[in-house]
Amino acid sequence: MAAMGELAAESGNIRPSTSSAAISNFEMNVKPTTTPDEDDSSMSSSATEIFDPSESNTKGQWGYDSNGTWRRHGSSESATSTGLSSISSSVGTDDRMVDRTTPDSHSKKRMADGTLKHILVGRGTGSAMISAPIPLPQAATTIDPIAQTALPKRRGRPPKDKPATVGHAGKVRRASMISKLHDRVRPRSSIPAQLPKDIFASECIEAAQASRLDPYALHPGEHQLLADMLMNKEVTIYLNIRNAVLRLWTQNPLCSVTPEEAAGCAKEGRFFGLAEVAYKWLVRNSYINFGCLEIPKERPPFKKSARQKTVVVIGAGVSGLTTARQLEGLFAQYSERWTDVGESPPRVIILEGRKRIGGRVYSKPLRSQVEGSLPGNLRNTVEMGAMIVTGFEHGNPLDTVMRGQLGLHYHLMTDALTIYDIDGKPVDEETDMINTELYTDISDRTGEFRAVAQQHNTLKGDDELIDRARDPIADGFEGFQLEPLFPVDNAKHRKPVLKRGRRRNAPPGTEKLTGRSRVIEESGASQSAARAAKTMGWQLKEGVAKNQSVSLLRVAQASLHPTLGTIMDEAIEQYQGVVKMTPQDMRLLNWHHANLEYANAAPVSSLSLSGHDQDTGNEFEGAHSEIIGGYTQLPRGLMNLPTKLDVRFDRVVESVHYNDSSDPDLTTKVVCTSGEVIHADEVVITAPLGVLKSDAIDFDPPLPGWKQGAISRLGFGLLNKIVLLYDKPFWDDSRDMFGLLNEADQLDSLNPAHYAQKRGRFYLIWNASKISGRPMLVALMAGHSAHEAETMNTNSMLNDINKRLRKTFAPNVVPAPTEVIVTRWKRDPFARGTYSYVAPETRPGDYDYMAEPVGNLHFAGEATCGTHPATVHGAFLSGLRVAADVMNVLAGPITLPNPLVGPLALKTEPTHLYSSAQVLVSGALAGSFAVGGFPNEVNAQAFPEPIIKQEHDTTGSLASIPQAPTSTASKLAGGPPRHSVCARDRSFWVQPAAYDSGDLNYEANIMGTILSQLGERPPKPKRPGVNPFILYTKAIWDEVKAHCSSNDPLAGRDAIRQTIGKWWREASAEVKAPYLEASLKAQELADGVRVEWETNAKKWDEEARVIRGQYVRDHPATATMVKGGGRSGVGAESMGLSKRKTNVSNCVVLDHA
């Protein structure tokens, strides 16, 4: 569930709506209304018709796209090719959700090798309702000008060179079997061989970041699970596997990641145990296989009368539906946990007090519908609650559901914003800008009183290896670097991170920027107030010294619970003594106050000074967007796909009798006001914080003091809207919003207190035409004005806004609206407000307390998500979290395989290549080896030997020089493996029949002759490894260190590196040019050196070949030497020749006595 005022969702590829020109051509058979239509947000209608577009012939097939890269048709690269159209409401659908019987539909399952298998799935009564396939309208891709922008493609999963599974063809549905798949799954089978290593590594890193995980460190949950189980190098191996599994999921969230695919992310079979842990943890904590996804189920036989546990979810908002949907998926993936003991997997029941789903996500259908005004026959709706998706990038889980699975249409919002003063004239852009910068400066200064978030230190992997998706070399070979690391700059493979802030990324009304005090680079917070104001462009008052500043400490310490509004108003008053401030400046500054009140759903005087922005740093990236046809399509999709959830409407919960201990004799019951009683094993409460504050639900036993304290200390705010529908637009329909300034209670006052009551009235007006399909304006009522709207007459509000609009858009005629809707969320008994905020008395851990369970009573909702409160995605994440909590109770914690990491495996080689003497030596080294034989699989584990990959030199080496003639017997013996360097390998020891002292002395004489005449062979030059980012880091390190230290004296190297990376990504081409040029020159120099080396090496090899041939002709090998007896007929052992040899190419002389 999420709050009403712009509870987050996301953005990305555009799914535009009908343009204003097209709308004006529609014949709108609508009767004008003279009486405004009020709505208290508790009455609603909802439809469930689902459109499933026909499958394209290319879906599920692999091919090259225009960029020459592998991708699978039907993947989540764009919202138009996800296999599902809008889960939308149709014009002719019923208001109440009813069960219907639907025909069979096609479903897709991914095979282990990456291909898609199309099957026919029968859906019976009560399943998700699917109509006949309807293709998406072509206009959906051409309506919005922004949609024509070329967007980057995501790679699909390329086909494997070899099938992933070997031996058995059956699927493995149990994650606990991953560590035992050595005979069924090939290592690396999920790693595309055709994809360059650097691209694969960058995709893995992006996948981790898109999942809100650090690609270089364990999550605290992973750390708690594995901290005592992993060696240092194994952390890097685990992270590489985990990131690769996440890559599989993000590439195509329409298909669940299977255990076989997870095992294929390991590069060696002995790491299947790590793959099992990564898979289990990612599935259990809903980082993969979540959302509207069909999970393949095992259907073991069990009796219908088998025992079945029940989970009751109270509330059918986004958090409640997400909880139920995820639990259904987890129960399917872990079904053996119950079927193995003769039980049925648990069932989930959702109780909803309203007659609709969605909670505070509510797209109310308009009374007058215009068919064809929106793509896909979507209904004309107005967003009563959540409206804005605040960025799809950087980890928003709704990206997976809304774009990757449901394929919803959406409109990307533009950054254009005009603010109109009380006289109807637009505010000068320069005046607007300097006031915005001043407000930002004041926000920065109040940031000195912020509570510092606690950092979690977890195990970290090797950054350089993870950047290359490489595992560490096995133990015992730390000194070897046989394969040089290629230079990688993963930043170039990552999507650019847009700067936040007004005029930089998103409009101020959509992002909690101005409302969320955020230190922006180059801000004047560290300067004196006078210097900062002058830099912004303000005119200082006469006699103001350059070092004059503002001091807020005294006011902040004057109260036990200081508020943000008090401190910011104090800063404004002190700035009035520094700069010349006009009444218009005060109106602009209070407009930003109103925007802050919109972001928090509370007056600034009610916000905590130290914690109002406690979620800062967790924002998602990307442009903001609106859902075409209504945000309700999200909860509707969660409820209906892939199967319909058991949602029971009109179930108003009166009391919950839960078990606060582990006593099995205590029964848990949920009692409704109708008298209905539902027995449960686990109960999930997703009711809004306002409902919990009102004590509308009776808990037996009463909630503990720590839970009640968190409920009472957190604030629950209010935001309302007035919706105006017209026949045609009289405003600039290309703009998504415009702002209105409000006058103070006393005309032209400079006192901040005189602006508090009215500053939030209609301060921001959205143009909702593109998402509703009709000419529509939505005016916001924030702060005190939101509470005023609860009691104010609708006609009075309509008269006030009509006056403002006529003054603003004169001489255009502003007609009376044909339909008016006013939200009053405080009146709604199932909401009692919009979303939570940090009140002055709130403690730092209260959001965590809200999320903590009490016995078998669990809690979800935006007010339980401290990292993303007051948002739809926060509600969604809370549903995923609580589903994992319930699973931990019902199925037990994650179990680790034993052993977690298998032993190194010995290479097996034919016995006929070794002499009996060598076998005897091997037997002496390993007592478990049988004489004349080789160790079996068990013995191989006792003497592990890694296989090290060497870089092959294609330009020629000593091996290309003709060798001295050897006997046929010598050639048949074969000699040791070329890459062996381990003394425990029997091939490390000399075979006397193949190599004797005479042979070695003869070869040593040849090499001595070559080296005496030519000298050493030219050494291969090292790779330059000059990275422009590294050059940039060296040049700017001190500057960034000073910058970080000014904001945080305790900032360490990690913070400096992160800041440097951010500056580099945001740097202009001019800034990067010198470093790129230096890197290019170094590379050109290295290329020249390499060409010169290749020429010299080739010349050396040719001359050495001539010298070798001449020596063989002048000193032919004797028969005694050929027989292996040496020049004097003495055997190797009698000469005292050591049995140890080496495979290092330029060290050919062995030990002699």
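This report describes a predicted model of a protein chain, moving from its overall make-up to selected residues.

## The chain as a whole

The protein chain has 1153 residues, of which 56% count as buried, and its secondary structure comes to 31 helices and 26 strands. The accessible surface of the chain comes to about 48,700 Å², and carbon and sulfur atoms account for 52% of that area.

How do contacts in the chain relate to separation in sequence? Among the contacts between residues at least 6 apart in sequence, 80% join residues at least 24 apart.

## Salt bridges between separate parts of the chain

Side chains of opposite charge can pair when their charged atoms come close. The structure holds 29 salt bridges, and one of them joins Arg360 to Glu862, with 3.4 Å between the closest N and O atoms. Arg360 lies in the loop between strand 6 (344-351) and strand 7 (363-365), while Glu862 lies in the loop between strand 26 and helix 23 (872-891), so this pair ties together parts that are 502 residues apart in sequence. Is this pair made of buried or exposed residues? Arg360 has a relative accessibility of 1% and Glu862 has a relative accessible area of 1%; because buried means under 20%, Arg360 counts as buried and Glu862 is buried as well.

A salt bridge also forms between the side chains of Arg759 and Glu597, at 2.8 Å from N to O. Arg759 is in the loop between strand 21 (737-740) and strand 22 (761-767), and Glu597 is in helix 15 (residues 583-600), so that the pair links distant parts of the chain, 162 residues apart. Both Arg759 and Glu597 are buried. In the salt bridge of Arg761 with Asp800, the closest N and O atoms are 3.2 Å apart. Because Arg761 lies in strand 22 and Asp800 in helix 21 (residues 794-808), this pair ties together parts that are 39 residues apart in sequence. Arg761 is buried, with a relative accessible area of 15%, whereas Asp800, at 23% relative accessibility, counts as partly exposed. Elsewhere, a network of salt bridges links Asp421, Arg587, Glu743 and Asp748.

## Packing around helix 18

Helix 18 covers residues 705-713, and its buried residues are Lys707, Gly709, Ala710, Ile711 and Arg713. What do these buried residues pack against? Their partners are helix 17 (689-693), strand 19 (715-716), helix 22 (846-851) and strand 26 (857-859).

## Two residues and their contacts

Ala571 is part of helix 14 (residues 564-576) and is buried, with a relative accessible area of 1%. When neighbours within four places in sequence are left aside, Ala571 is in contact with Ile442, Val550 and Leu552. Ala571 and Ile442 are 129 residues apart in sequence, and their C-alpha atoms are 6.5 Å apart in space.

Lys267 is placed in the loop between helix 5 (259-263) and helix 6 (272-284), and at 17% relative accessibility it counts as buried. Leaving aside neighbours within four places in sequence, Lys267 has contacts with Pro187, Arg188, Ile191, Ala469, Arg470 and Asp471. The C-alpha atoms of Lys267 and Asp471 are separated by 8.2 Å, although these residues are 204 residues apart along the chain.

## Backbone details in loops

The bond from Asp700 to Pro701 is cis, with omega near 0°, and Pro701 lies in the loop between strand 18 (698-700) and helix 18. The bond from Ala810 to Pro811 is also cis, with omega near 5°, and Pro811 has its place in the loop between helix 21 and strand 24 (819-822).

Asp650 is not a glycine, yet it has a positive phi of about 55°; this residue is in the loop between strand 13 (647-648) and strand 14 (653-657) and counts as partly exposed at 35% relative accessibility. Asp695, likewise not a glycine, has a positive phi of about 55°. Asp695 is found in the loop between helix 17 and strand 18, and at 62% relative accessibility it counts as exposed.

Which residues form a negative surface patch? The patch is made of Asp214, Asp462, Asp463 and Glu464. Asp462 is located in the loop between helix 10 (429-446) and helix 11 (463-467), and with 34% relative accessibility it counts as partly exposed.

Methods:
Residues numbered from 1 in each chain as written. Predicted model: local features only at pLDDT ≥ 70, side-chain atom pairs only at ≥ 80, totals over all residues. Heavy atoms only, no water. Patch = residues over 30% accessible without salt bridge, like charges linked within 9 Å, V, L, I, M, F, W, Y side chains within 5 Å. Areas by Shrake-Rupley, 256 points an atom, 1.4 Å probe, with all protein chains shown as cover. Salt bridge = Lys/Arg side-chain N within 4 Å of Asp/Glu carboxyl O. Lys, Arg positive; Asp, Glu negative; His and termini not counted. Charge placed at Lys NZ, Arg CZ, Asp CG, Glu CD. Helix = DSSP H or I, 4+ residues; strand = E, 2+ residues; numbered from the N terminus. Buried < 20%, exposed > 50% of the residue type's maximum accessible area, 1.4 Å probe, protein only. Contact = heavy atoms within 4.5 Å.
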